[in-house]
Amino acid sequence: MPSTNTIIEIIYLVAAALFILSLKWMSSPTTARHGVWAGELGMLLAVGGTLLHHGIVDYRWIAIGLVLGSIIGVPLGMVQMTAVPQRTALSHAFGALCVTLVGTSEFYLRAPNVPRFMMAVLSMEVILGSLTFTGSLMAAGKLEEFLPQRPITYKSQNLVNLSVLAVAIGVAAYLVIHPERTALFPVILGVPLLFGVLMIVPIGGADMPTVISLLNSYAGLSAAAMGFVLDSKLLIIAGALDGASGFILSVNMSKAMNRSFSNVLFGAFGQEQAAVAGGKETRAVRSATPEEAAAILAAANKVVIVPGYGMAVAQAQHKVRELYDALTKRGVDVKFGIHPVAGRMPGHMNVLLAEADIPYDKLLDMDEINGEFPQTDVALVIGANDVTNPAARTDPSSPIFGMPILDVDKARTVMVIKRGMSAGFAGIDNPLFYLDKTLMLFGDAKGFAGDIVRELGGGHG
Amino acid sequence: MSGDLLTSLYVFMLAAFIGFEVIRRVSPLLHTPLMSLTNALDAIAVVGAIILVGDHKSRLATILGTVAIVAATSNVVGGFLITDRMLKMFKSSRPQKP
């Protein structure tokens, strides 16, 4: 008869396998929901198995924690799809909080006789956990617009930030050598909390996809470190998977913004506020009314819609879906071209469009859609700007030169729904707007899309 | 370095490689649900918090551990819930196989 501990370990092994399967099934939308079920089953097994643990003498607080957590978790799972980025940031904060608190307790339970390797991973756990906690709270605050979205920068910001981080790492190194100096422990807890705040201060909205991915990676690594402290292979595996996932996403995002990877790793993604080329010339643009836009769209064979964060802000995704329906009904081939950093987190646009019932096989990423623009009659840009800026391809002096963009300027006609002629997030003028083939559709994304739909419906029946 | 730690490092290394290989294959279409799913899985840290609280070794550990259970459980419940809600919305325009 195997001991309870062996049974628990076997349950953990099964749970780890289910977690890996869960991520494997995420590879395609057809199997993805199985992935969620595998994850849920794994989690249920792991938590259930843990409750069998011999060491547990008191279940009261465990029960209170589980119930309270579930009560908080349900509303967090039911938020609007537009609020998903801030919800995700908040959940990174919660995950990091859990890891930090457990790490702190483990230190005080073991102090002053903490073995060196243990102290090293414990420091890593606590430092990563606490900087992810405040960093994610700051990110959530910026996304929810509790805090100003614009980047706040000051002189030698990177130097200040790196020095703060260096203090935490230095003290951690000292603690590894002298773990009996327990009075120093609060330093490796408190200083990274400060660093987390400082790290997000210079971050603007358009950098959020990279930052959220990076925080995701940190949260995973801190959980893996906790796995080392508790000697839990399951936690090491889950943390490594999460860390790898966040890492891959942040590399993707930094590539899509043409930032170097070290730039991302050290959190130095605050905009290099390139002085916007002074003396803005007022060049002529061609604008069009909803009637004209509808007529051009109705005559097209192939239309590619390029959505950006502006579509999310205007909550225009449902009107866009009506536009999609109206055009599809007329036999127009409509697809969506989605830039990796469109929106505020990886995959943000896909979720909003899927919520509006647009079939996922019409949502194409940048590499898939770029070859199709030359055969496209109309590229309709809704609330996107910098990711369509041809200067990234052609103008070496542009701050975004080299950034991969959606080649909307290769379509026969370009239409841009935009409130006014203001520059995009990066403060860069977009030559796309002044092309002869470009029609500016001035107005609110939701309202303008609605007007086009009405014209399409009314005009020809 | 004890054998146990070395084994743990091996586990970490292998899991990281598996993670890279598996997640590289996830379509960019699903990157948002991927993030909420990994976040829910990451909340397996709740297991550590449960043992900490159950052991009842010190008052500090019990208080911090209980807060940790609350934080992680809300990630488990909320994370799986929203991931499933998102994935339900992804529909194909091609007829579904029966």
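The structure described here is a predicted model, and in it A:Asp231 stands out for its backbone: its phi is positive, at about 55 degrees, although the residue is not a glycine. The surroundings of A:Asp231 can be described as well. This residue counts as partly exposed, because 13 C-beta neighbours lie inside 10 Å, whereas a residue counts as exposed at 12 or fewer.

A:Glu145 is found between α5 (116-143) and α6 (157-177) of chain A. This glutamate, too, is not a glycine and yet has a positive phi, of about 65 degrees. Within 10 Å of A:Glu145 there are 10 other C-beta atoms, so A:Glu145 is exposed.

Attention now turns to chain B. Its secondary structure is quickly told: chain B contains four helices and zero strands, and from the N terminus on the order of elements reads α-α-α-α. In overall dimensions, the C-alpha atoms of chain B occupy a box of roughly 60 × 35 × 25 Å along the principal axes. The radius of gyration of chain B is 18 Å, while a compact globule of 98 residues would come out near 13 Å. Of the 98 residues in this chain, 60% count as buried. The contacts inside chain B can also be sorted by how far apart the partners are in sequence. When residues at least 6 apart are considered, 63% of the contacts in chain B join residues at least 24 apart.

Chains A and B also meet each other, and this meeting ties the two parts of the description together. The contact draws 98 residues from chain A and 80 residues from chain B. On the side of chain B that touches chain A, two or more residues come from each of α1 (3-24), α2 (31-42), α3 (46-55) and α4 (59-89) of chain B. Among these elements, α4(B) makes the greatest contribution to that side, with 27 residues. The residue classes on the side of chain B that touches chain A are also worth a look: 48 residues there are nonpolar, 23 are polar and nine are charged.

Technical notes
Residues numbered from 1 in each chain as written. Chains lettered and ligands numbered in written order. Predicted model: local features only at pLDDT ≥ 70, side-chain atom pairs only at ≥ 80, totals over all residues. Buried ≥ 20, exposed ≤ 12 C-beta atoms within 10 Å, placed from the backbone. Contact = placed C-beta atoms within 7 Å. Nonpolar A, V, L, I, M, F, W, Y, C, P; charged D, E, K, R; others polar. Rg over C-alpha atoms; globule rule 2.2 N^0.38 Å.
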